[in-house]
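Take a look at the structure first, then read the points below.

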Amino acid sequence: MKILVVDDHPIVRTGLRRLLASKSEPEIREAANGKEALSVFREQRPTLVILDLNLPGIGGLEVIARLKIADPDVRVLVLSMHDDQMHVTRALQAGAAGYVSKNAPPDEILQAIRRVSAGQTYVEHEIAEELVFSSIRTPSHPLRDLSSRDLEILRLLAEGRTLLQIADTVGIGYKTAANNCSQIKTKLGASSTADLIRVAIQCGLIDRDAGLSPSRSGMGEG
């Protein structure tokens, strides 16, 4: 079995490699970002992609979408620090076949890998339970009305990318990126780019320490 592990933290990739080696002898490839992951996937065509969502450059949700375009049958298991309803739901909607958090026990991560690689689906037990109850007892997530593309653009904004950089990363025109940003502001009731960045950080799209102010990001669009 060929497995591609995509995570920007070497310690996570090493830990997964050791975990997988303890049970079998798969052929493992690694990637530290979305661009590298897509390149390795095209060259190696792995059986399974184990993917983090918080990646530099192209984010995990966008990577899933592009992988599914390249190969609709690709099996993707998300292994993420996020365990909230919004991230889980969007990952599954994008085409992931499984989702586990980095806090899951090693045995459950292995179970998820076995299930997803065998063509089945898997969601970590605690996450699945929370999904059921959160849909009943909690108010709507503030990012509920955003598309996966919107979320990717919002995340890149919060990382301090300019509209030109966002357009290049996502693969759209500058005007389209600008229009999308305006639409995101409307959907979130935000009046400025700074407001969007605050929402992105508050909702966990990026680490709090990674958020940049509009002046540092080079964003002059308001």
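Helix H3 (residues 60-70) lies across strand E3 (48-51) and E4. H3 runs at about 165° to E3. This is a predicted model, where local features need pLDDT of at least 70, side-chain atom pairs count only at pLDDT 80 or more, and totals for chains, interfaces and linings use all residues. Residues are numbered from 1 along each chain as its sequence is written, and side-chain values use heavy atoms, with hydrogens and water left out.

**Terms for elements and axes**
- Helices (H or I, at least four residues) and strands (E, at least two) are DSSP runs, numbered from the N terminus.
- Axes are lines fitted to C-alpha atoms, for helices over the stretch in contact, and angles run from 0 to 180 degrees between N-to-C directions.

**The sheet and its helices**
- An open sheet is formed by 6 strands, in the order E2-E1-E3-E4-E5-E6, with parallel pairing. Strands pair if DSSP finds at least two bridges between them.
- Strand E2 (27-31) and strand E6 (122-123) are the edge strands, and each pairs on one side only.
- Strand E4 (residues 75-80) pairs with strand E5 (residues 98-101) in the parallel sense, over 4 bridges.
- Leu79 has Val100 in E5 as its bridge partner.
- Helix H4 (residues 85-94) lies across E4, E5 and E6, and runs at about 150° to E5.

- Helix H7 (residues 148-158) is largely enclosed by the rest of the structure, because 9 of its 11 residues are buried. Buried means under 20% relative accessible area (1.4 Å probe, protein chains only).
- The buried residues of H7 include Asp150, Glu152 and Arg155.
- These buried residues pack against H3, H4, helix H8 (163-170), helix H9 (174-188) and helix H10 (193-202). Contact means heavy atoms within 4.5 Å.
- Gly160 follows H7 and has a positive phi, near 95°.

**H7 against H10**
- The two axes come within 9 Å and cross at roughly 105°.
- H7 and H10 are therefore roughly perpendicular, a label for angles of 65 to 115 degrees.
- Leu154, Leu157 and Ala158 in H7 meet Thr193, Leu196, Ile197 and Ala200 in H10.
- By class, the H7 contact with H10 has 6 nonpolar, 1 polar and no charged residues. Ala, Val, Leu, Ile, Met, Phe, Trp, Tyr, Cys and Pro count as nonpolar, Asp, Glu, Lys and Arg as charged, and the others, Gly among them, as polar.

**H7 against H9**
- The axes of H7 and H9 come within 10 Å and cross at roughly 100°.
- That makes H7 roughly perpendicular to H9.
- The H7 contact with H9 has 6 nonpolar, 1 polar and 3 charged residues.

How values were computed
Buried < 20%, exposed > 50% of the residue type's maximum accessible area, 1.4 Å probe, protein only. Parallel < 35°, antiparallel > 145°, perpendicular 65-115°, else oblique.
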